[in-house]
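Student: Could you walk me through reading some features of this model?
Tutor: Gladly, let's look at it together.

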Amino acid sequence: MKQLWTDEYYMRMALDLALRGMGKTTPNPLVGCVLVKDETVVGRGWHDHLGGLHAEAAALLDAGEKARGATAYVTLEPCSHQGRQPPCAPALVRAGVSRCVCAIGDPNPKVAGRGLRILQEAGIETVCGVLADDAAWLNRGFLSLQTRGRPWVTLKAAISADGSMSLENGASRWVTGEAARKAGHLLRSENDAILTGSGTLEADDPALTVRETEGTSPRPVILSRDLRCLNRPYKALNERSIIFGGEGSAVPERWSGQTTLVPLTADGGLDLGAVMKKLGEMGLARVMIEAGPRLTSAFIQAGFADEFQLFAAPKFMGEGRKITTSMRLASMGETVPMTVRRVRPVGDDLWIKGGNPCSLDWLKRLAR
């Protein structure tokens, strides 16, 4: 029991270190590493940015000779292949660590158990599964990219107590208060891309950048069935933008290198499955939806919304535009469930953190 408590204590420390790479490592995972010897932390490291030192290498550099005989606590199985950086499992062997505790295995086919086998064959004791659920949640984007071939999708929305995202005339500034908007910017910084539709560009002309807090601004992803929005200088249209249009649409030459045409569905919308597949091929691990009611409800009904970040204001907006505006359900059996993970106040509003039960179950199974 004491050993389990000790392992969880130091793994929690490693998970906290991993967070320092948030928004900067994609398509690589977030990884933290702590080296402990005689109950003393002798080395700390994390994967800070794409192309930078891996967590284990940074921790070994920090520890120096003190790494010999130490226990390495790593949030993800040490890699075993040469990428932008040398493999970490052989580096731990050369450093002489005596034990390695990791939270979850790496599903990347280039690793997938090989890192642990390298350690075991060198006589190093290995343990896997400590705080596995926490580690899987931390790297839900990476795991989704590796196993589902698409990003983990977070749907963020500001709604009234009666479920409206805007008034009937489209006015939506501001549904929620300043504290909720600041929290929304923090969520932006945790994602690789932020997806919206042409209707939102026309109505609000959002910049889709991180402004209320520190962090890296995500890439704008614009969905436009006919691409007419490309003829106007909207703030979210820039050299980093990723654009999707319907098959047969005319693509302005300026945007040809950034635009992908996808099939249209029976109701005239873009094929969201094709959009998700393309974003996965581009190596985007986490995408946040910040769109109008029609596109938002399309993602919910299609089952592509893995995570929900809802900011609910204590006000009623009457016959407004609902978050589920395009969903037409004939029976209670067709309703879309949401697992509530946490509810807390943010300013005068409520911050509801939830998830798609299927996505949460998939993640939990993967952690095992």
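Tutor: We will take helix packing, then the sheet. This is a predicted model, in which local features need pLDDT of at least 70, side-chain atom pairs count only at pLDDT 80 or more, and totals for chains, interfaces and linings use all residues. Residues are numbered from 1 along each chain as its sequence is written, and side-chain values use heavy atoms, with hydrogens and water left out.

Student: At what angle do α6 and α11 pack?
Tutor: Two packed helices are described by the angle between their axes and the distance between the axes. Here α6 (residues 140-148) and α11 (residues 357-367) pack at about 85 degrees, with axes 11 Å apart. They are therefore roughly perpendicular (65 to 115 degrees). Axes are lines fitted to C-alpha atoms, for helices over the stretch in contact, and angles run from 0 to 180 degrees between N-to-C directions. Helices (H or I, at least four residues) and strands (E, at least two) are DSSP runs, numbered from the N terminus.

Student: Which residues of α6 meet α11?
Tutor: Contact means heavy atoms within 4.5 Å. R140, L143, S144, T147 and R148 of α6 meet S359, W362, L363 and L366 of α11.

Student: What is the strand order in the open sheet?
Tutor: Two strands pair if DSSP finds at least two bridges between them. The nine strands run β11-β10-β9-β8-β12-β6-β13-β16-β15, with mixed pairing. At the edges, β11 (259-262) and β15 each pair on one side only. Strands β6 (residues 152-160) and β12 (residues 286-289) run parallel, joined by four bridges; V153 has V287 in β12 as its bridge partner.

Student: Which strands does α6 lie across?
Tutor: Helix α6 lies across β6, β12 and β13, at about 130 degrees to β6.

Methods: Parallel < 35°, antiparallel > 145°, perpendicular 65-115°, else oblique.
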